[in-house]
Amino acid sequence: MFGEILDRAEQGTPVVIERRGVRFRLIAEKDRPSAASKTALFDFVDPAVMAGQWTWKAGAKGLGFTPRKRR
């Protein structure tokens, strides 16, 4: 399964993994870009995602959004 996640990152698909409330972005680097050539990964992020109301869930069909459980 981790190999599939690495394959997606290598193909340019943004991969975010969350563990205990900490988000990790996985980005494949073939050649290190200069600081001037970096571009944003997302043009728009839903405010509910940024507020932490949604998270990622890995399943048989890959990664997908799922509502965050309230404590």
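Contact here means heavy atoms within 4.5 Å. The model is predicted: local features need pLDDT of at least 70, side-chain atom pairs count only at pLDDT 80 or more, and totals for chains, interfaces and linings use all residues. Residues are numbered from 1 along each chain as its sequence is written, and side-chain values use heavy atoms, with hydrogens and water left out.

The protein chain holds 2 helices and 4 strands. Both kinds of element are DSSP runs numbered from the N terminus, with helices being H or I of at least four residues and strands being E of at least two. Along the sequence, the elements follow the pattern α-β-β-α-β-β. The chain has 71 residues, and 11% of them are buried. Buried denotes under 20% relative accessible area, exposed over 50%, and partly exposed the range in between (1.4 Å probe, protein chains only). The accessible surface of the chain is about 6500 Å². Carbon and sulfur atoms contribute 53% of that surface. Areas were computed by the Shrake-Rupley method with a 1.4 Å probe; for residues, only the protein chains shown count as cover. Among contacts with a separation of 6 or more, 26% join residues 24 or more positions apart.

Strand 1 covers residues 15-19 and strand 2 covers residues 22-26. The two pair in the antiparallel sense over 5 bridges. Pairing requires that DSSP finds at least two bridges between the strands. Strands 1 and 2 form a hairpin, with 2 residues between them. R20 lies in the turn and has a positive phi of about 50 degrees. R19 stands opposite V22 of strand 2. E18 has R23 as its bridge partner in strand 2.

The side chains of E18 and R23 also meet in a salt bridge, at 3.4 Å from N to O. The term covers a side-chain nitrogen of Lys or Arg within 4 Å of a carboxyl oxygen of Asp or Glu. The structure holds 1 salt bridge. R23 is partly exposed, with a relative accessible area of 39%. E18 also counts as partly exposed, at 22% relative accessibility.

E18 has a further partner in T55. The side chains of T55 and E18 make a polar contact at 2.9 Å. A polar contact is a pair of N or O atoms within 3.5 Å; within protein, one must be able to donate a hydrogen and the other to accept it, and residues adjacent in sequence count only if both atoms are side-chain atoms. T55 belongs to strand 3, residues 54-59. T55 is buried, at a relative accessible area of 13%. With neighbours within four places in sequence set aside, T55 is in contact with E18, G64, F65, T66 and R68.

Strand 3 and strand 4 (residues 62-67) pair in the antiparallel sense over 6 bridges. They form a hairpin with 2 residues between them. W56 has F65 as its bridge partner in strand 4. W54 is placed in strand 3. Its relative accessibility is 33%, so W54 counts as partly exposed. W54 and R68 are 14 residues apart along the chain, and their C-alpha atoms are separated by 4.9 Å. Not counting residues up to four places away in sequence, W54 touches R23, A48, V49, F65, T66, P67 and R68.

L26 is found in strand 2 and is partly exposed, with a relative accessible area of 26%. L26 and L6 are 20 residues apart in sequence, yet 8.0 Å apart in space, C-alpha to C-alpha. Leaving aside neighbours within four places in sequence, L26 is in contact with I5, L6, A9 and V15.

F2, L6, I17, V22 and F24 make a nonpolar surface patch of about 430 Å². Patches are built from residues with over 30% relative accessible area and no salt bridge; like charges are joined within 9 Å, and nonpolar side chains (Val, Leu, Ile, Met, Phe, Trp, Tyr) within 5 Å. Helix 1 (2-10) and strand 2 each supply at least two residues of this patch. V22 lies in strand 2 and is partly exposed, at a relative accessible area of 43%.
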